[in-house]
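Morning, everyone. Please bring up the model on your screens, and we'll walk through it together.

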Amino acid sequence: QVQLVESGGGLVQAGDSLRLSCAASTVTFSRLAMGWFRQRPGQEREWVATIHRNGGNTLLAESVKGRFSISRDNDKKTVYLQMNSLKPEDTATYYCAAKSVILTYPITSLTEATFADWGPGTQVTVSS
């Protein structure tokens, strides 16, 4: 089991930027595909972004394309979510998730149901 801890959340104004970090406690971080999800008030948790273990293959939800990006640093065992041009509707608790995968595992198969390990979340609040 991988322990994940998110950080970097906070209260910002619309248009501001934040970078979320998710640190993993495992020696096999390079074997993990990582994802970011969020849960907005009163709504179900939704997928935001995914990055494959090799770092070169990423996916972003349509609602955040052009504003958010996902990256990883395998040496630091950390995945990042860079959030620019934040909107009030981005207000949510953001969670990172991990799943051990082989190199050929389809990134599109990495859904909420397939991620095995989750962090406790970090709150992002965007004021208008």
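Let's start with the cross-link. This structure holds 1 disulfide, meaning a pair of cysteine sulfur atoms within 2.5 Å. A disulfide is a covalent bond between the sulfur atoms of two cysteines. Here C22 is joined to C96, with 1.9 Å from S to S. C22 sits in strand β3 (residues 18-25) and C96 in strand β9 (residues 92-100), so the link ties together parts that are 74 residues apart in sequence. Strands here are DSSP runs of E, at least two residues long, numbered from the N terminus. The link is right-handed, with 45° about the S-S bond.

Are C22 and C96 buried or exposed? Both are buried, that is, under 20% relative accessible area with a 1.4 Å probe, protein chains only.

A word on the source. This is a predicted model: local features need pLDDT of at least 70, side-chain atom pairs count only at pLDDT 80 or more, and totals for chains, interfaces and linings use all residues. Residues are numbered from 1 along each chain as its sequence is written, and side-chain values use heavy atoms, leaving out hydrogens and water.

Now the sheet. 4 strands make an open sheet, in the order β1-β3-β8-β7, with antiparallel pairing. Two strands pair if DSSP finds at least two bridges between them. At the edges are β1 (3-7) and β7 (68-73), each pairing on one side only.

β7 and β8 (residues 78-83) run antiparallel, joined by 6 bridges. Find D73, and you'll see T78 of β8 opposite.

Note on methods. Buried < 20%, exposed > 50% of the residue type's maximum accessible area, 1.4 Å probe, protein only.
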